[in-house]
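Have a look at the sequence and the model first, then read on.

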Amino acid sequence: MNNDEQSERISAMRDDMCDATMDRIIDLVNEKKYADAQAVYEEFYHWFDPEHINKELTIFTRIDDIKRLYESTAEES
């Protein structure tokens with residue numbers, strides 16, 4: 001997979017996450033859980049704000065890498 005294909009794939013994943021998050025916010029507002037909706041919105045604010053969306057860095061990693069890092073850190077303590 002070349003860089004353009006990978007960038008497109010990541011962009012599509014980010015779009016899907018934004019759509020799912022916005023659906024969740026709408027559900028929470030409809031359930032009158034305003035504090036919960038606000039908390040979700042604040043977490044994703046930079047992804048939704050048109051002034052920030054292209055400046056927000058999106059980093060994806062493999063879960064196995066995170067587990068190895070955690071295990072190595074846990075072993076040291």
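**Finding your way around**

Of the 77 residues in this protein, 12% are buried. Keep in mind that you're looking at a predicted model. The average pLDDT of the protein is 81, and 81% of the residues score at least 70.

If you compare the elements by mean pLDDT, α2 comes out highest at 87, while helix α3 (residues 63-76) is lowest at 80.

Now for the inside. Which residues make up the largest nonpolar core? There are 6 residues in it: Cys-18, Ile-25, Leu-28, Ala-37, Trp-47 and Phe-48. Helices α1 and α2 (34-48) each supply at least two residues of this core. Pick out Cys-18 and you can see such links one by one: leaving aside neighbours within four places in sequence, Cys-18 is in contact with Trp-47 and Phe-48.

Is Thr-21 buried or exposed? Its relative accessible area is 9%, and because buried means under 20%, Thr-21 counts as buried. Once you skip the neighbours within four places in sequence, the contacts of Thr-21 are Val-40, Phe-44 and Phe-48. You've already met Phe-48 as a member of the core.

Let's finish with charges. Side chains of opposite charge can pair when their charged atoms come close. How many salt bridges does a search of the whole structure find? The search turns up 1. In that salt bridge, the side chains of Lys-33 and Glu-31 meet at 3.5 Å, N to O. Where do these two stand between buried and exposed? Lys-33 has 38% relative accessibility, so it counts as partly exposed, and Glu-31, at 42%, is partly exposed as well.

As for how the chain meets itself, take the contacts between residues at least 6 apart in sequence: 38% of them join residues at least 24 apart.

Technical notes
Residues numbered from 1 in each chain as written. Heavy atoms only, no water. Salt bridge = Lys/Arg side-chain N within 4 Å of Asp/Glu carboxyl O. Buried < 20%, exposed > 50% of the residue type's maximum accessible area, 1.4 Å probe, protein only. Contact = heavy atoms within 4.5 Å. Core = buried A, V, L, I, M, F, W, Y, C linked by side-chain atoms within 4.5 Å. Helix = DSSP H or I, 4+ residues; strand = E, 2+ residues; numbered from the N terminus. pLDDT = per-residue confidence, 0-100.
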